[in-house]
Amino acid sequence: MLTHASERMKNKRYNQKGDIPFMNKIILVGRLTRNPEICYAQQSDTAIARYTLAVDRLVKREGEPQADFLRCVAFGRTAEFAERYLQKGTKIAVTGRLQTGSYTNRDGQKVYTTDVVIESQEFCESKAASSNTAQNSFADNTFMADGQDEAQYQYFN
């Protein structure tokens, strides 16, 4: 059923022209490559958690990485949750948005960054399953060891 543009504008999902607005939404499932790093904002004492999520690629080609390593940042209660409950090897699902930025490094070069700003995160497996998977994966090196493959990325500004 077609509706008049004024009716559609009442619904906040539409802009003034009645079109659906652009959307920046990302959903990922992967494992933490290391424990989250936590800091607190100086002025507001807001918790900030940073971690990297290894997300397997569906198509694996010889000579290419088998996973993408995505930098994630969480704020407030979401960051406190990460600090309390997440650790290296934990399999989680996250929703958030992509955010790009840049900064000048110590060598005077401009560095461009892309981060996933986390809106929500949840466990994808039980604590027991996560513990068993992490132990087995780390023991036989099927899950990346510290510094393997992700060393090429600069994680924190």
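Is Arg 31 buried or exposed, and what is its relative accessibility? In this predicted model, Arg 31 counts as buried, because its relative accessibility of 15% falls under the 20% limit for that class.

**Salt bridges**

Five salt bridges are found in a search of the whole structure. Arg 31 takes part in one with Glu 125, where the closest N and O atoms are 2.9 Å apart. This pair links distant parts of the chain, since Arg 31 belongs to strand β1 and Glu 125 to the loop between β6 and α3 (127-139), 94 residues apart.

Glu 119 and Lys 25 also meet through their side chains in a salt bridge, at 3.0 Å from N to O. Because Glu 119 lies in strand β6 and Lys 25 in the loop between α1 (5-10) and β1, the pair ties together parts that are 94 residues apart in sequence. Glu 119 is partly exposed, with a relative accessible area of 40%, and Lys 25 is likewise partly exposed, at 48% relative accessibility.

A further salt bridge joins Arg 71 to Asp 115, with 2.6 Å between the closest N and O atoms. Arg 71 is in strand β4 and Asp 115 in strand β6, so this pair ties together parts 44 residues apart in sequence. Arg 71 is buried, with a relative accessible area of 10%; Asp 115 also counts as buried, at 11% relative accessibility.

| Salt bridge | N to O distance |
|---|---|
| Glu 119 and Lys 25 | 3.0 Å |
| Glu 125 and Arg 31 | 2.9 Å |
| Arg 71 and Asp 115 | 2.6 Å |

**Nonpolar core**

The largest nonpolar core has 17 residues, of which Leu 28, Tyr 51, Leu 53, Ile 92, Val 94 and Ile 118 touch the most other members. Two or more residues are given to this core by each of β1 (26-32), β3 (47-56), β4 (67-75), α2 (76-85), β5 (91-104) and β6 (110-123). Strand β3 supplies the largest share, five residues. Leaving aside residues up to four places away in sequence, Leu 28 touches Leu 53, Val 55, Leu 70, Ile 92, Ala 93, Val 94 and Val 116.

**Helix α2**

In α2, the buried residues are Gly 76, Thr 78, Ala 79 and Ala 82. They lie on the same side of α2 because they cover an arc of only 165 degrees around the axis. Arg 77 and Arg 84, on the other side of α2, are exposed. The buried residues of α2 pack against β2 (37-40), β3, β4 and β6.

Notes
Residues are numbered from 1 along each chain as its sequence is written. This is a predicted model: local features need pLDDT of at least 70, side-chain atom pairs count only at pLDDT 80 or more; totals for chains, interfaces and linings use all residues. Side-chain values use heavy atoms; hydrogens and water are left out. A nonpolar core is a set of buried Ala, Val, Leu, Ile, Met, Phe, Trp, Tyr and Cys residues joined through side-chain atoms within 4.5 Å. Buried means under 20% relative accessible area, exposed over 50%, partly exposed in between (1.4 Å probe, protein chains only). Helices (H or I, at least four residues) and strands (E, at least two) are DSSP runs, numbered from the N terminus. Contact means heavy atoms within 4.5 Å. The arc is that of the directions from the helix axis to the C-beta atoms. A salt bridge is a side-chain nitrogen of Lys or Arg within 4 Å of a carboxyl oxygen of Asp or Glu.
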